[in-house]
Amino acid sequence: MAAQPITTSSPRLASPGVPALAVHGLRKTYGTFEAVRGIDFEVKQGEIFGLLGPNGAGKTTTIEIVIGLRPMTAGRVEILGHDVTSAATQARTLIGVQLQESDFFEHLTLAEQLRFLGACYGMAPDTDALLGYVDLGDRAGWKLKQLSGGQKQRFALAASLVNDPPVVLLDEPSTGLDPTARRQLWELIRALRGDGRTVLLSTHYMEEAEVLCDRVAIMDKGVIAAIDTPLELIHQLVATGFKRDVVVRDATLEDVFIQLTGHGFEDESAAELAAANGRHGRGKKGATS
Ligand SMILES: Nc1ncnc2c1ncn2[C@@H]1O[C@H](COP(=O)(O)OP(=O)(O)OP(=O)(O)O)[C@@H](O)[C@H]1O
Ligand SMILES: [Mg+2]
(Lines give C-alpha, C1' and ligand atoms only; values in the text may rest on other atoms or scores of the structure.)
(Ligands and ions follow the chains in the order given, each with its own letter.)
Protein backbone atom coordinates (compact mmCIF):
# COMPACT_ATOMS: atom_id res chain seq x y z
CA MET A 1 0.00 0.00 0.00
CA ALA A 2 1.50 3.31 -1.03
CA ALA A 3 1.59 5.95 1.65
CA GLN A 4 -1.01 8.66 1.30
CA PRO A 5 0.40 12.10 0.56
CA ILE A 6 0.37 14.14 3.71
CA THR A 7 -1.97 17.06 3.84
CA THR A 8 -0.29 19.97 5.47
CA SER A 9 -0.63 23.66 5.62
CA SER A 10 1.14 25.31 2.71
CA PRO A 11 4.83 25.50 3.38
CA ARG A 12 5.93 29.02 4.16
CA LEU A 13 7.44 30.13 0.89
CA ALA A 14 9.74 33.09 0.54
CA SER A 15 9.71 35.36 -2.49
CA PRO A 16 10.17 33.30 -5.65
CA GLY A 17 13.75 34.32 -6.43
CA VAL A 18 15.16 33.49 -2.99
CA PRO A 19 17.03 30.18 -2.91
CA ALA A 20 15.75 27.59 -0.44
CA LEU A 21 19.36 27.03 0.53
CA ALA A 22 22.42 29.14 -0.28
CA VAL A 23 25.89 27.92 0.67
CA HIS A 24 28.83 30.20 -0.10
CA GLY A 25 32.53 29.76 0.63
CA LEU A 26 31.77 27.09 3.23
CA ARG A 27 34.80 25.68 5.05
CA LYS A 28 35.08 23.31 7.97
CA THR A 29 38.27 22.20 9.63
CA TYR A 30 38.64 19.59 12.35
CA GLY A 31 41.99 20.45 13.93
CA THR A 32 44.33 20.67 10.96
CA PHE A 33 42.12 18.55 8.68
CA GLU A 34 39.96 20.47 6.22
CA ALA A 35 36.79 18.39 5.73
CA VAL A 36 34.96 21.03 3.65
CA ARG A 37 37.18 23.22 1.52
CA GLY A 38 35.24 26.26 0.34
CA ILE A 39 32.07 25.00 -1.35
CA ASP A 40 29.39 27.04 -3.11
CA PHE A 41 25.96 25.88 -4.20
CA GLU A 42 22.36 27.02 -4.18
CA VAL A 43 19.20 24.91 -4.03
CA LYS A 44 16.13 26.41 -5.67
CA GLN A 45 12.75 26.37 -3.98
CA GLY A 46 10.80 23.25 -4.95
CA GLU A 47 13.85 21.27 -6.06
CA ILE A 48 14.96 17.80 -5.03
CA PHE A 49 18.70 18.34 -4.81
CA GLY A 50 21.16 15.48 -4.35
CA LEU A 51 24.44 15.70 -2.47
CA LEU A 52 26.57 12.84 -3.75
CA GLY A 53 30.10 11.74 -2.98
CA PRO A 54 32.26 8.95 -1.60
CA ASN A 55 32.60 8.19 2.12
CA GLY A 56 34.30 11.09 3.87
CA ALA A 57 33.56 13.60 1.07
CA GLY A 58 32.02 16.08 3.53
CA LYS A 59 28.29 15.58 2.91
CA THR A 60 27.22 15.04 6.52
CA THR A 61 29.51 17.82 7.71
CA THR A 62 27.83 20.19 5.22
CA ILE A 63 24.32 19.10 6.22
CA GLU A 64 25.10 19.40 9.93
CA ILE A 65 26.43 22.93 9.43
CA VAL A 66 23.30 23.89 7.46
CA ILE A 67 21.04 22.72 10.30
CA GLY A 68 23.15 24.47 12.93
CA LEU A 69 24.47 21.30 14.57
CA ARG A 70 28.11 22.17 13.83
CA PRO A 71 29.78 25.57 13.63
CA MET A 72 31.37 26.46 10.30
CA THR A 73 34.98 27.55 10.09
CA ALA A 74 34.20 30.08 7.34
CA GLY A 75 31.49 30.91 4.86
CA ARG A 76 27.84 31.83 4.73
CA VAL A 77 24.72 29.64 4.73
CA GLU A 78 21.17 30.92 4.30
CA ILE A 79 17.84 29.10 4.51
CA LEU A 80 15.19 30.95 2.50
CA GLY A 81 17.23 34.12 2.98
CA HIS A 82 17.83 33.65 6.74
CA ASP A 83 21.46 33.39 7.80
CA VAL A 84 21.95 30.21 9.86
CA THR A 85 24.43 31.99 12.12
CA SER A 86 22.99 35.47 12.67
CA ALA A 87 19.30 34.42 12.33
CA ALA A 88 19.72 30.89 13.67
CA THR A 89 16.34 30.59 15.41
CA GLN A 90 14.36 31.75 12.40
CA ALA A 91 16.41 29.58 10.02
CA ARG A 92 15.90 26.49 12.17
CA THR A 93 12.10 26.77 12.14
CA LEU A 94 12.24 26.51 8.33
CA ILE A 95 14.04 23.17 8.16
CA GLY A 96 13.29 19.57 8.94
CA VAL A 97 16.10 17.06 9.12
CA GLN A 98 16.69 13.35 9.07
CA LEU A 99 20.23 12.74 10.25
CA GLN A 100 22.45 9.85 9.15
CA GLU A 101 22.29 8.65 12.75
CA SER A 102 19.24 9.74 14.71
CA ASP A 103 18.77 9.47 18.45
CA PHE A 104 15.25 9.16 19.78
CA PHE A 105 13.86 8.40 23.21
CA GLU A 106 13.69 4.62 23.54
CA HIS A 107 11.01 4.70 26.24
CA LEU A 108 8.50 6.93 24.41
CA THR A 109 5.99 5.63 21.88
CA LEU A 110 6.25 6.85 18.31
CA ALA A 111 3.29 9.19 18.76
CA GLU A 112 4.74 10.56 22.02
CA GLN A 113 8.10 11.18 20.36
CA LEU A 114 6.45 13.14 17.54
CA ARG A 115 4.40 15.17 20.03
CA PHE A 116 7.55 15.91 22.04
CA LEU A 117 9.50 16.96 18.95
CA GLY A 118 6.58 19.13 17.80
CA ALA A 119 6.42 20.78 21.22
CA CYS A 120 10.09 21.77 20.79
CA TYR A 121 8.84 23.96 17.90
CA GLY A 122 5.74 25.08 19.80
CA MET A 123 3.58 22.96 17.49
CA ALA A 124 1.10 20.13 17.98
CA PRO A 125 1.71 17.87 14.97
CA ASP A 126 -0.94 15.53 13.58
CA THR A 127 0.86 12.35 14.66
CA ASP A 128 -1.64 10.05 12.93
CA ALA A 129 -1.09 11.83 9.61
CA LEU A 130 2.69 11.83 10.00
CA LEU A 131 2.87 8.13 10.91
CA GLY A 132 0.37 7.28 8.16
CA TYR A 133 2.56 9.14 5.70
CA VAL A 134 5.41 6.67 6.30
CA ASP A 135 3.08 3.68 6.65
CA LEU A 136 3.55 3.39 10.40
CA GLY A 137 -0.04 4.39 11.13
CA ASP A 138 -0.66 1.16 13.01
CA ARG A 139 2.49 1.56 15.13
CA ALA A 140 1.61 4.79 17.00
CA GLY A 141 1.77 3.04 20.38
CA TRP A 142 4.97 1.14 19.64
CA LYS A 143 8.42 2.01 20.93
CA LEU A 144 11.44 2.48 18.73
CA LYS A 145 13.15 -0.69 19.87
CA GLN A 146 10.21 -2.66 18.48
CA LEU A 147 10.85 -1.37 14.94
CA SER A 148 13.08 -2.87 12.27
CA GLY A 149 15.96 -0.81 10.87
CA GLY A 150 13.93 0.25 7.82
CA GLN A 151 10.94 1.17 9.98
CA LYS A 152 13.22 3.34 12.12
CA GLN A 153 14.40 5.08 8.95
CA ARG A 154 10.81 5.82 8.00
CA PHE A 155 10.00 7.04 11.49
CA ALA A 156 12.98 9.40 11.27
CA LEU A 157 11.49 10.82 8.06
CA ALA A 158 8.15 11.40 9.81
CA ALA A 159 10.02 13.06 12.67
CA SER A 160 11.72 15.44 10.22
CA LEU A 161 8.28 16.80 9.28
CA VAL A 162 6.86 17.63 12.73
CA ASN A 163 7.40 21.36 12.24
CA ASP A 164 5.83 21.38 8.74
CA PRO A 165 9.12 22.63 7.26
CA PRO A 166 9.42 24.13 3.77
CA VAL A 167 13.01 22.80 3.48
CA VAL A 168 13.79 19.16 4.31
CA LEU A 169 17.32 17.76 4.60
CA LEU A 170 17.72 13.99 4.49
CA ASP A 171 21.14 12.40 5.10
CA GLU A 172 21.10 8.99 3.38
CA PRO A 173 17.37 8.42 3.93
CA SER A 174 17.28 5.21 1.86
CA THR A 175 20.21 3.44 3.50
CA GLY A 176 18.95 0.19 5.01
CA LEU A 177 15.69 0.16 3.08
CA ASP A 178 14.78 -2.81 0.92
CA PRO A 179 14.29 -2.14 -2.83
CA THR A 180 10.52 -1.81 -2.55
CA ALA A 181 10.66 0.45 0.50
CA ARG A 182 13.26 2.57 -1.31
CA ARG A 183 10.90 3.15 -4.20
CA GLN A 184 8.14 4.07 -1.78
CA LEU A 185 10.50 6.52 -0.12
CA TRP A 186 11.07 8.09 -3.54
CA GLU A 187 7.32 8.59 -3.82
CA LEU A 188 7.25 10.19 -0.37
CA ILE A 189 10.07 12.53 -1.34
CA ARG A 190 8.31 13.42 -4.60
CA ALA A 191 5.17 14.10 -2.55
CA LEU A 192 7.17 16.52 -0.39
CA ARG A 193 8.18 18.36 -3.56
CA GLY A 194 4.56 18.18 -4.72
CA ASP A 195 3.60 20.00 -1.51
CA GLY A 196 5.93 22.81 -2.58
CA ARG A 197 8.78 21.81 -0.26
CA THR A 198 12.45 21.73 -1.12
CA VAL A 199 14.42 18.55 -0.42
CA LEU A 200 18.17 18.15 -0.12
CA LEU A 201 19.25 14.56 0.26
CA SER A 202 22.51 12.69 0.31
CA THR A 203 22.69 9.22 -1.16
CA HIS A 204 25.16 6.60 -2.31
CA TYR A 205 22.64 5.16 -4.76
CA MET A 206 23.28 6.70 -8.16
CA GLU A 207 20.14 5.22 -9.74
CA GLU A 208 18.18 6.88 -6.93
CA ALA A 209 19.80 10.25 -7.59
CA GLU A 210 19.21 9.85 -11.31
CA VAL A 211 15.47 9.22 -11.07
CA LEU A 212 14.72 11.43 -8.08
CA CYS A 213 16.92 14.52 -8.16
CA ASP A 214 16.31 17.61 -10.26
CA ARG A 215 19.98 18.54 -9.78
CA VAL A 216 22.93 16.99 -8.00
CA ALA A 217 26.24 18.20 -6.60
CA ILE A 218 29.07 15.67 -6.64
CA MET A 219 31.45 16.24 -3.71
CA ASP A 220 34.89 14.72 -3.30
CA LYS A 221 37.47 15.42 -0.61
CA GLY A 222 35.67 18.52 0.62
CA VAL A 223 35.12 20.21 -2.74
CA ILE A 224 32.32 20.13 -5.29
CA ALA A 225 33.47 18.49 -8.50
CA ALA A 226 30.28 19.18 -10.50
CA ILE A 227 26.73 20.53 -10.14
CA ASP A 228 24.03 19.99 -12.75
CA THR A 229 21.02 17.91 -13.68
CA PRO A 230 21.77 14.18 -13.78
CA LEU A 231 21.02 14.12 -17.52
CA GLU A 232 23.38 17.01 -18.28
CA LEU A 233 26.20 15.41 -16.29
CA ILE A 234 25.67 12.18 -18.22
CA HIS A 235 25.66 14.09 -21.54
CA GLN A 236 28.90 15.82 -20.56
CA LEU A 237 30.57 12.48 -19.81
CA VAL A 238 29.33 10.93 -23.05
CA ALA A 239 30.67 13.97 -24.95
CA THR A 240 34.19 13.04 -23.77
CA GLY A 241 33.88 9.76 -25.66
CA PHE A 242 32.99 7.68 -22.60
CA LYS A 243 31.05 4.54 -23.42
CA ARG A 244 29.61 1.95 -21.07
CA ASP A 245 29.86 -1.74 -21.73
CA VAL A 246 26.19 -2.30 -22.43
CA VAL A 247 24.65 -5.52 -21.23
CA VAL A 248 20.98 -5.70 -22.15
CA ARG A 249 18.97 -7.89 -19.81
CA ASP A 250 15.22 -8.18 -19.57
CA ALA A 251 15.36 -8.25 -15.76
CA THR A 252 17.76 -7.79 -12.87
CA LEU A 253 18.03 -9.52 -9.50
CA GLU A 254 16.33 -6.42 -8.06
CA ASP A 255 13.36 -7.04 -10.37
CA VAL A 256 13.23 -10.61 -9.06
CA PHE A 257 13.32 -9.31 -5.47
CA ILE A 258 10.48 -6.86 -6.10
CA GLN A 259 8.41 -9.48 -7.92
CA LEU A 260 8.73 -11.85 -5.01
CA THR A 261 8.45 -9.42 -2.11
CA GLY A 262 7.24 -6.15 -3.62
CA HIS A 263 4.32 -5.46 -1.37
CA GLY A 264 3.80 -2.24 0.55
CA PHE A 265 5.74 -1.50 3.69
CA GLU A 266 3.66 -3.88 5.80
CA ASP A 267 0.88 -4.84 3.44
CA GLU A 268 0.26 -8.50 4.04
CA SER A 269 -2.68 -8.63 1.68
CA ALA A 270 -0.46 -7.37 -1.13
CA ALA A 271 2.07 -10.07 -0.26
CA GLU A 272 -0.65 -12.68 -0.45
CA LEU A 273 -1.76 -11.27 -3.78
CA ALA A 274 1.82 -11.43 -5.09
CA ALA A 275 2.07 -15.04 -3.94
CA ALA A 276 -1.26 -15.84 -5.58
CA ASN A 277 -0.14 -14.18 -8.81
CA GLY A 278 2.99 -16.30 -8.71
CA ARG A 279 0.93 -19.45 -8.18
CA HIS A 280 -1.28 -18.54 -11.13
CA GLY A 281 1.68 -17.61 -13.30
CA ARG A 282 0.66 -13.97 -13.62
CA GLY A 283 3.31 -11.28 -13.53
CA LYS A 284 2.99 -8.23 -11.34
CA LYS A 285 3.53 -4.78 -12.70
CA GLY A 286 7.23 -4.01 -13.08
CA ALA A 287 9.22 -1.78 -10.76
CA THR A 288 8.47 1.89 -10.99
CA SER A 289 11.29 4.34 -11.12
N1 LIG B 1 34.11 15.34 14.62
C2 LIG B 1 35.05 15.09 13.70
N3 LIG B 1 36.36 15.20 14.01
C4 LIG B 1 37.32 14.99 13.10
N5 LIG B 1 37.08 14.67 11.81
C6 LIG B 1 35.79 14.53 11.45
C7 LIG B 1 34.71 14.73 12.37
N8 LIG B 1 33.55 14.53 11.70
C9 LIG B 1 33.89 14.21 10.45
N10 LIG B 1 35.24 14.21 10.28
C11 LIG B 1 35.96 13.92 9.05
O12 LIG B 1 35.47 14.78 8.03
C13 LIG B 1 35.43 14.10 6.78
C14 LIG B 1 34.06 14.25 6.19
O15 LIG B 1 33.15 13.50 7.00
P16 LIG B 1 31.60 13.44 6.65
O17 LIG B 1 30.94 12.70 7.75
O18 LIG B 1 31.13 14.82 6.38
O19 LIG B 1 31.61 12.60 5.30
P20 LIG B 1 30.39 12.05 4.42
O21 LIG B 1 30.55 12.61 3.04
O22 LIG B 1 29.11 12.31 5.10
O23 LIG B 1 30.72 10.51 4.38
P24 LIG B 1 29.74 9.21 4.41
O25 LIG B 1 29.31 9.01 2.98
O26 LIG B 1 30.65 8.11 4.87
O27 LIG B 1 28.61 9.48 5.35
C28 LIG B 1 35.87 12.66 7.05
O29 LIG B 1 37.24 12.52 6.69
C30 LIG B 1 35.69 12.51 8.54
O31 LIG B 1 36.63 11.61 9.10
MG1 LIG C 1 27.67 11.09 5.89
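**Exercise 1.** Which element supplies the largest share of the shell around ligand 1?

*Solution.* The model is a predicted one. Start with the residues around ligand 1: Y30, F33, A35, G53, N55, G56, A57, G58, K59, T60, T61 and Q100. Next, look for elements that supply at least two residues of this shell; these are β2 (33-43) and α1 (59-66). Of the shell residues, three come from α1, and this is the largest share.

**Exercise 2.** Divide the shell around ligand 1 into nonpolar, polar and charged residues.

*Solution.* Take the shell list, which includes Y30, K59 and Q100. Glycine counts as polar in this scheme, and the list includes G53, G56 and G58. The division is then four nonpolar, seven polar and one charged.

**Exercise 3.** Work out the strand order of the six-stranded open sheet, and state why one side of β6 and of β10 is left without a neighbour.

*Solution.* The order is β6-β7-β8-β3-β9-β10, with mixed pairing. β6 (95-98) and β10 (223-228) are the edge strands; each has a single partner strand, so one side of each lacks a neighbour in the sheet. Ignoring direction, neighbouring strands of this sheet are turned by 15 degrees against each other on average.

**Exercise 4.** How many bridges join β3 to β8, and do the strands run parallel or antiparallel?

*Solution.* Locate β3 at residues 48-52 and β8 at residues 198-202. Four bridges join them, and the two strands run parallel. As a position to check in the structure, G50 stands opposite L201 in β8.

**Exercise 5.** Compare the span of helix α6 with the expected value, then place the helix against the sheet.

*Solution.* Helix α6 covers residues 179-194, which is 16 residues. At 1.5 Å a residue the expected span is 22 Å; from first C-alpha to last, α6 reaches 23 Å, close to that value. For its position, α6 lies across β3, β7 (167-171) and β8, and runs at about 150 degrees to β8. Its buried residues are T180, A181, R182, R183, Q184, L185, L188, I189 and L192; the criterion is 20 or more other C-beta atoms within 10 Å. Just after α6, G196 has a positive phi of about 95 degrees.

**Exercise 6.** What share of the residues in the protein is buried?

*Solution.* The protein has 10 helices and 10 strands. Of its 289 residues, 35% are buried. Turning to contacts with a separation of 6 or more, 68% are between residues 24 or more positions apart.

Methods. Residues numbered from 1 in each chain as written. Chains lettered and ligands numbered in written order. Predicted model: local features only at pLDDT ≥ 70, side-chain atom pairs only at ≥ 80, totals over all residues. Near = placed C-beta within 6 Å. Expected span 1.5 Å × (residues − 1). Buried ≥ 20, exposed ≤ 12 C-beta atoms within 10 Å, placed from the backbone. Pairing = 2+ DSSP bridges. Axes fitted to C-alpha atoms, helices over the stretch in contact; angles between N-to-C directions. Contact = placed C-beta atoms within 7 Å.
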